[in-house]
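Trainee: I have a structure open and would like to work through a few of its features. Can we start with the rings?

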Amino acid sequence: MDKIVSLCKRRGFIFQGSEIYGGLAGTYDWGHFGLALKNNIKQSWWKKFVDSRRDMYGIDAAILMRQEVWQKAGHVENFADPMVECEKCHKKFRADQIVSEASKSSDISCPECNGKLGEAKQFNMMFQTKVGASEDSSAISYLRPETAQGMFVNFKNTVDVFHPKLPFGMAQIGKAFRNEITPRDFLFRQREFEQMEIEYFVRAEDWEKYFEYWKDEMMEWMEEVGIDMNKVHDIEIPKEDLAHYSKRTVDFEFEYPFGQKELFGLAYRTDFDLKNHQLEYIDSETNEKFIPHVVEPTFGVDRAVLALLLSSYSEDKKNGEIRSYLKFKPNIAPVICAVSPLLKNKPELVEYANTKVFAPLKTEFGRVVWDDNGNIGKRYRRQDEIGTPFCIVVDFDTLTDDAVTVRDRDTGEQERVKVSELIGFIKNKIT
Ligand code: GAP
């Protein structure tokens, strides 16, 4: 984890939130390359689950919603973790984490100072805020702890406008906020993060069929995006641990360096949410009125990034030196190719590289960088750590043969490619 965290900072992927003031726990800021990686993940998800389907409707709902949404959804009452406070140092911890991390029950004391822990209390994880200038309780609102409710509250709008036939789904990508008692493990447990969620509406009798269907779809996408499937395990959540809205949940857990823990989840939410919001569906053919049931595949964007970084991080030995690189698939990599003039103080190389190589590649692929900093070896190391699949170098031969050297990130092998064929060559490799 330390290697990943420091690479992410060094190469401009992810920074601690509010870093210059000492950091704000559970928040991260995304740098240029991290953002590109995150956007590629979100695009791949949207393409597979929305754009390529006929039964999915996108939505981008407001983060702030009326407090009734969270009352009816059961979150005001139930969205809580058990919290304990040390009687000596007054630090607060999640009670379930302390119990699972203690080797025996007699070890259950403050992990920081060994002091006595007080009674466990329920701590609601929603961030509360007030909307408008009024101070009374009607102004209370919450930052959404899941994107799901933004879809349920737009169920009627979607049905009225698009008249979808069951089964159909709604999809949303957006921020979610949870006031985690102990944010930790880098992107794994944050207070502000992003989710990609689907609410798939089905007839009650069909839920099991679609539960299995979405399990397969989820695994297919994980593999497509490049998550190491040898490290993913589907785990049936025991009845006593189910969320308040779920009748069945399967978690996809990932083998992180800090343990095997949840990556994504699949829940059967029954008609819990639509019933509580008093929403119904009318079958246009039979006029039958009923409340659909919901199968919910949910994906944390940040955990997807973390699992992908951990799946892609590799080390090998090149010229007697250890080199680290990120083995991203080209469609997910933040940068597709880097262009360099062999020497940055030779105007004829710079001019050629800039106008005949960099400019057309940039127009075609967008995710192309210019890199002339340091010697070629240093540039390769840097691009390897960013996960750039191809480094293209313009050298003195280029000026006479109109060909460039293309180096492959994973093998380090180099081949000469005609400048006129370069776009086709790269396209061929990335599709
Ligand atoms: N709508 C259902 C729902 O929100 P969840 O299991 O509580 O279910 C969904 O959250 C996903 O959001 C998780 O599988 C995980 O990927 C991500 N997630 C949850 N809490 C998180 C946190 N504190 N930091 C980062 N990601 C988180």
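**Rings, charges and a sheet**

Mentor: This is a predicted model. In it, arginine 323 lies over the face of tyrosine 325, at 3.8 Å from the ring centre.

Trainee: Over the ring of which residue does the charged end of arginine 303 sit?

Mentor: The distance from the charged end of arginine 303 to the centre of the ring is 3.8 Å. The ring belongs to phenylalanine 188.

Trainee: Is the aromatic pair of phenylalanine 155 and phenylalanine 168 stacked or edge-to-face?

Mentor: The ring centres of phenylalanine 155 and phenylalanine 168 are 6.1 Å apart, with 20° between the planes. Planes under 30 degrees apart count as stacked. The pair is therefore stacked.

Trainee: Is phenylalanine 168 buried or exposed?

Mentor: Its relative accessibility is 1%. Buried means under 20%, so phenylalanine 168 counts as buried.

Trainee: How many residues apart in sequence are the parts that tryptophan 221 and phenylalanine 264 tie together?

Mentor: These two form a tilted aromatic pair, 6.2 Å centre to centre. Tryptophan 221 lies in helix H8 and phenylalanine 264 in strand S14, so the parts tied together are apart by 43 residues.

Definitions and conventions:
Residues are numbered from 1 along each chain as its sequence is written. This is a predicted model: local features need pLDDT of at least 70, side-chain atom pairs count only at pLDDT 80 or more; totals for chains, interfaces and linings use all residues. Side-chain values use heavy atoms; hydrogens and water are left out. Rings of Phe, Tyr and Trp (its six-membered ring) pair if their centres lie within 6.5 Å; planes under 30 degrees apart count as stacked, over 60 as edge-to-face and the rest as tilted. Buried means under 20% relative accessible area, exposed over 50%, partly exposed in between (1.4 Å probe, protein chains only). Helices (H or I, at least four residues) and strands (E, at least two) are DSSP runs, numbered from the N terminus. A charge sits over a ring if NZ of Lys or CZ of Arg is within 6 Å of the ring centre and within 35 degrees of the ring normal.
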